[in-house]
Amino acid sequence: MTRRHWFVTGTDTSIGKTLVSSAMLHLLASSGLRAVGMKPVAAGVEMIDGIWQNEDVVQLQAAGNVNAPLSLRCPYGLRAPMSPHLAAREEGVRIELPVLQSAFEALAQRADAVVVEGVGGFCVPFGDDLDSADLATALGLPVILVVGLRLGCLSHALLSAEAIRARGLTLAGWVASAVDPSMLAPEANLQTLRARLGAPLLGVVPHLASPDAAAAARHIDLRALRATAAHAARRSAAQPYEEEASAALA
């Protein structure tokens, strides 16, 4: 793969982003790469063994194989389990984009692969003038969309894909997460998404009795990311020439 860093977002909250991100880290680490997960902003922490911890951050760390400081893996840990901009306001914290970028760059120096897990959906606010989509754009990473399979997922997935591409980002692939075992016509919904999302399906994670990284990893295939990564690299290399041509025509 020409690029081994990805931004994982979802169609909503509680639809399996952390499980999919952890599964990716498990696969990457198992292949011999130095892999680390990053949760730039985590809302909802609790005191465990005298330390404030977030469950998602703990899971990501366990799935990777790089020992990086918490300040890099999760620069902002907020106590209240609510939208980050509200939790930050409650604590008098301002989430700063340069802090997030610096943490990511430091992780990228320590690891071959960095999986950055966003918060909730693609456009969750971090503050009055910053949201999750701004972070994804600033990092410029290929995006993997986790689609929670339940009623309403078609519109949520298609709108998320549209928003990702509107920011000039590459939708590298998507993973279906069976969050509602009683969903009607799941296969028909999958076929609709296959036809309309315009990105490779990396896997379908079923509703697992024991949802851990290794179990979820058995349902995900990252090989399709090679093609989208190569495409993104070619596009990035061609961009300066496209900008020069546009300037010449102006």
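Which side chains meet in a salt bridge at 3.1 Å, N to O? Select Asp112 and Arg34, and you have the pair. A salt bridge here is a side-chain nitrogen of Lys or Arg within 4 Å of a carboxyl oxygen of Asp or Glu.

Before moving on, a word on what is on your screen. This is a predicted model, in which local features need pLDDT of at least 70, side-chain atom pairs count only at pLDDT 80 or more, and totals for chains, interfaces and linings use all residues. Residues are numbered from 1 along each chain as its sequence is written, and side-chain values use heavy atoms, with hydrogens and water left out.

**Stop 1: Asp112 and Arg34**

Helices (H or I, at least four residues) and strands (E, at least two) are DSSP runs, numbered from the N terminus. Asp112 is partly exposed at 26% relative accessibility, and Arg34 is partly exposed at 40%. For these labels, buried means under 20% relative accessible area, exposed over 50%, and partly exposed in between (1.4 Å probe, protein chains only).

**Stop 2: Glu117 and Lys39**

Next, select Glu117 and Lys39, whose side chains form a salt bridge at 2.9 Å, N to O. Glu117 belongs to strand β7 and Lys39 to the loop between β2 and β3 (41–43), so this pair also links parts that are 78 residues apart in sequence. Are these two residues buried or exposed? Glu117 is buried, with a relative accessible area of 1%, and Lys39 is buried at 4%.

**Stop 3: Arg94 and Glu96**

Arg94 pairs with Glu96 in another salt bridge, with the closest N and O atoms 3.2 Å apart. Glu96 is partly exposed, at 31% relative accessibility. The structure holds nine salt bridges.

**Stop 4: helices α7 and α8**

Finally, colour α7 (residues 153–166) and α8 (residues 186–197). Their axes, lines fitted to C-alpha atoms over the stretch in contact, come within 10 Å and cross at roughly 20°. Angles run from 0 to 180 degrees between N-to-C directions, and those under 35 degrees count as roughly parallel, so α7 and α8 are roughly parallel to each other. To see the contact (heavy atoms within 4.5 Å), show residues including Leu154, Leu158 and Arg165 in α7 with Asn189, Leu193 and Arg196 in α8.

Notes:
Angles under 35 degrees count as roughly parallel, over 145 as roughly antiparallel, 65 to 115 as roughly perpendicular and the rest as oblique.
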